[in-house]
Amino acid sequence: MNLSVENVSKEIKGQMVLHKINASFTAGRIYGIIGQNGSGKTMLLRTLAGLIRPTEGRVLVDGKTLGEDLSFPENMGILIEKPNFLGYLNGFDNLKILSEIRGILSDADIRRYMQQFSLDPNSRQIVKKYSLGMKQKLGIIQAIMESPELLILDEPFNALDEESVNLVRTLLLQYREKGTLILLTSHHKEDITAVCDETMLLQEGRQVTRSESSHK
C-alpha cells in the first residue's frame, strides 16, 4: 500500500489547521509524525484515514482518491485519540463485536491478543471500569488484530507501562517486516527513534522537516 498527500490543507471554523502538506508513505516502513499539541498531527492522521476530507488537495491510496474513488483505505487498523468502546461490555465482547465486521478472527485469536497484552479474556469486568492503560491496550489490540495493511496510531504509547511499551515496539517492527505501512505520533522522542524509519515534523499545521530517523 502507498499513500500520497498532495497539497493538503484543512480549514476549520476559519482557522487553517493544515497548510499545503505534501508527503508520500510506502509499505514496509514506519513513519513518525511529531510536533507539539496543536501542530496538526491528529488532524493529518484523520485526513489520511479518510475520517475528514481536506479543504484543498487530496489523499491518494494506491492511486485512488480518498473521498471520491473510495471512502476509507482498505484493510486499515486505526487508533486515534482516546479509544472508544461499549462501556457496559467486557473487553473480550467489545473485540468480538468488532471482529464480526470482517469475520476473519476466531475467539481464540482474540483471546491470544488479550493475553499477550496481559488482559484476561475471561474477566467479566466491564470496560467502563478499566484503567486508562487497560483501555489503551484494548485500543491497540483492535487496531492490530486483523493484520492491517495500513496501521494509523495516534499516541499509542500513552498510559502504557514499560513492559507494554516494549511489546508494542516489538509488534510494530514485526508488522513492518510483514510489509505494513505504519504511521504514528508520539510525544516521546525515544518512541520515535526506537521504531520509526522516517519522521515528519509539523508546526502549526505546516510540514517543517522530514528526515530519516537516527536509529537507521
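Predicted model: local features only at pLDDT ≥ 70, side-chain atom pairs only at ≥ 80, totals over all residues.

**Backbone features and packing**

Lys-13 is exposed, since its relative accessible area is 85%.

**Positive phi in loops**

- Lys-13 is not a glycine, yet its phi is positive, at about 50°.
- The loop that holds Lys-13 runs between β1 (2-12) and β2 (15-26).
- Asp-62, also a residue other than glycine, has a positive phi near 50°.
- Asp-62 belongs to the loop between β4 (56-61) and β5 (64-65), and with a relative accessible area of 48% Asp-62 is partly exposed.

**Ring interactions**

- One aromatic pair is found in a search of the whole structure.
- The pair is formed by Phe-25 and Tyr-31, whose ring centres are 4.9 Å apart; their planes meet at 80°, so the arrangement is edge-to-face.
- Phe-25 is buried, at a relative accessible area of 1%, and Tyr-31 is buried as well, at 4%.
- Arg-111 places its charged end over the ring of Phe-92, 4.7 Å from the ring centre.
- Arg-169 lies over the face of Phe-157, 6.0 Å from the centre of that ring.

**Helix α4**

- Helix α4 covers residues 132-144; at 1.5 Å a residue its 13 residues should span 18 Å, and the 19 Å between its end C-alpha atoms agrees with this.
- Buried residues of α4 include Gly-133, Gln-136, Leu-138, Ile-141 and Ile-144.
- The partners against which the buried residues of α4 pack are β6 (76-79), α2 (91-99), α3 (107-116), β7 (150-154) and α5 (162-177).
- Beyond its neighbours within four places in sequence, Ile-141 contacts Leu-95, Tyr-113, Met-114, Phe-117 and Leu-119.

**Nonpolar cores**

- The largest nonpolar core has 34 residues, and those touching the most other members are Met-114, Phe-117, Leu-138, Ile-141, Ile-144, Leu-172 and Leu-184.
- At least two residues of this core come from each of α2, α3, α4, β7, α5, β8 (181-185) and α6 (189-195).
- The element that gives the most to this core is α5, with six residues.

Methods:
Residues numbered from 1 in each chain as written. Heavy atoms only, no water. Helix = DSSP H or I, 4+ residues; strand = E, 2+ residues; numbered from the N terminus. Expected span 1.5 Å × (residues − 1). Buried < 20%, exposed > 50% of the residue type's maximum accessible area, 1.4 Å probe, protein only. Contact = heavy atoms within 4.5 Å. Phe/Tyr/Trp six-rings, centres within 6.5 Å; stacked < 30°, edge-to-face > 60°. Lys NZ or Arg CZ within 6 Å of the ring centre and 35° of its normal. Core = buried A, V, L, I, M, F, W, Y, C linked by side-chain atoms within 4.5 Å.
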